[in-house]
Amino acid sequence: MSQHFLIFFSAAVVTNFVLVYFLGLCPVIGVTNKSATGFRLGLATTFVMVLASIAAWVMNFVLVRAPYLRVIAFIVAIASIVQLVELFIKKFSPALYRELGIFLPLIASNSQVLLLAIFQTNRGYTLTQGLAFALGGGLGITAVLAIVGILRERLEFAPIPAIARGPAIVFMIAALLSLIFMGFAGMGTA
Amino acid sequence: MSMAVKASTGPNTPQAVLTRGLWHENPVLVQTLGLCSALAVTNAVANSLAMGLATAFVLVCSSAIVSLMRKYIAHEIRITTYILIIATFLGVADLSLEAIVPEVHKSLGAYIALIVTNCVVLGRQEAFASRNTVGLSVLDAIGNGVGFTIALLLMGIPREVLGNGTFLGVHVMPAGFDPWVVMMLPPGGFFMIGILLLGANWHDLRKIARARAVAPATAPATAPAREREEALV
């Protein structure tokens, strides 16, 4: 059990998917104008990651014979899962569907989910360890999207010099956040 | 990915198509695409070069195939088709890198797989290769692939020189130089791309100011420049 907690904590904070592995930077720039939207996209990503983790675990029984097919197989599985989640959200929460817009289908081409499946395979996680990894990674992403969103809401009222407007200032914020998260280095596994 | 689905601007002469991606519509510095791999692997010059060239290879091959098949790919399943084509060439690039430069392949690790989800590659299929002839698509892919490599080197060279005191593994800084370790760590990647984007904004603002001084009424030539002017001013 403590092993599971360690995996969860590492994925969420120590090796945060966004700030340490540089994964999924497009939504960080794209949907963090409002912290609430970032938070919801983070949760949707977490959901997809949990499903993808289970799918990757099942598929690895076959793929162990053909490791060179891994990326193709994973990417097709992820695209199908995202399609299902999209239909599900469209039916049960049309408001959220409209709010997330293009970024919902783009979870399919999101590097976070693909690398989650690959890391899980490379590290030989069991089903439950994989789930802890997916939950930790997803919640870590959600936290970063929400924090960047909150900071950007503050920046609306700040006198930013013209040359720093747009993505430049968002990356400076991300650099500082990343520096803060470096403080956790060495506290988890891998 | 957000800005990937955007058609290119300007005339489609072979020369313009080839040079556009190099600088004025540079995928990383101007369109801010493909950032994940641009930040993750650029802590050493060798890694940056290998990643850039592998991406360029995948981009050129997939653009050629997508452009050849553009009349037969159904609109509804085009993205899935592009991704499958890209993933196939990624497999080729992955195995070739492992055979040619095993050490670099090892240090790039799982990030090689990220070429599949790189918005530069998918973006060129959607914006260019699916609507143009094979020859033009290949030229466009070469331009964008080399532009991507240039951007990666712009990130990788300062990060390795300042963070480790070396260039391609050879010591270049004076003996008393204390390496800025933070440049090799994740925050260094974010700082470096932030600084490059500041530079791009500064360059744009200066160009706009100069254009205004010469002829106040003329708008900037290209659509991206116009969009950026609206965002900046």
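## Burial and overall form of chain A

Of the 190 residues in chain A of this predicted model, 48% count as buried. The chain contains 8 helices and 0 strands, and its pattern along the sequence reads α-α-α-α-α-α-α-α. Its radius of gyration is 17 Å, close to the 16 Å that the globule rule gives for 190 residues, so chain A is as compact as a globular protein of that length.

Along the principal axes, the C-alpha atoms of chain A fill a box of roughly 55 × 45 × 30 Å. When contacts in chain A between residues at least 6 apart in sequence are considered, 82% join residues at least 24 apart.

Ala73(A) is located in helix α4 of chain A. This residue is partly exposed, because 18 other C-beta atoms lie within 10 Å, whereas a buried residue would need 20 or more.

Neighbours within four places in sequence aside, Ala73(A) is in contact with Met59(A) and Leu63(A). The C-alpha atom of Ala73(A) is separated by 9.8 Å from that of Asn60(A), and these two residues are 13 residues apart along the chain.

## The contact between chains A and B

Chain A contributes 38 residues to the contact, and chain B contributes 36 residues. On the side of chain A that touches chain B, the elements giving two or more residues are α2 (25–30), α4 (70–92), α6 (111–122) and α8 (167–181). The most is given by α8(A), with 8 residues.

By class, the residues on this side of chain A comprise 30 nonpolar, 7 polar and 1 charged.

## Helix α3 of chain B and its partners

In chain B, helix α3 (residues 45–68) and α7(B) have axes that come within 8 Å and cross at roughly 165°. That angle makes α3(B) roughly antiparallel to α7(B), as the class applies to angles over 145 degrees. The crossing of α3(B) past α7(B) is right-handed. The residues of this contact divide into 19 nonpolar, 11 polar and 2 charged.

With helix α4 (residues 78–100) of chain B, the axis of α3(B) comes within 9 Å and crosses at roughly 140°. The two helices are therefore oblique to each other, and α3(B) passes α4(B) in a right-handed crossing. From α3(B), the contact is made by Ala50(B), Ala54(B), Phe57(B), Val58(B), Cys61(B), Ser62(B), Ile65(B) and Val66(B). From α4(B), the residues are Tyr82(B), Ile85(B), Ile86(B), Phe89(B), Leu90(B), Ala93(B) and Leu97(B). This contact of α3(B) with α4(B) has 14 nonpolar, 1 polar and no charged residues.

## Packing of α7 against α8 in chain B

Helix α7 (residues 134–164) of chain B packs against helix α8 (residues 186–214) of chain B at an angle of about 130°, with their axes 10 Å apart. This angle makes α7(B) oblique to α8(B), and the crossing of the two helices is right-handed.

On the α7(B) side, the contact is made by Leu154(B), Met155(B), Pro158(B), Arg159(B) and Gly163(B). On the α8(B) side, the contributing residues are Gly188(B), Met192(B), Ile193(B) and Leu196(B). By class, the contact of α7(B) with α8(B) has 6 nonpolar, 2 polar and 1 charged residues.

Definitions and conventions: Residues numbered from 1 in each chain as written. Chains lettered and ligands numbered in written order. Predicted model: local features only at pLDDT ≥ 70, side-chain atom pairs only at ≥ 80, totals over all residues. Contact = placed C-beta atoms within 7 Å. Helix = DSSP H or I, 4+ residues; strand = E, 2+ residues; numbered from the N terminus. Nonpolar A, V, L, I, M, F, W, Y, C, P; charged D, E, K, R; others polar. Buried ≥ 20, exposed ≤ 12 C-beta atoms within 10 Å, placed from the backbone. Axes fitted to C-alpha atoms, helices over the stretch in contact; angles between N-to-C directions. Parallel < 35°, antiparallel > 145°, perpendicular 65-115°, else oblique. Left-handed = near helix turned anticlockwise from the far one by under 90°. Rg over C-alpha atoms; globule rule 2.2 N^0.38 Å.
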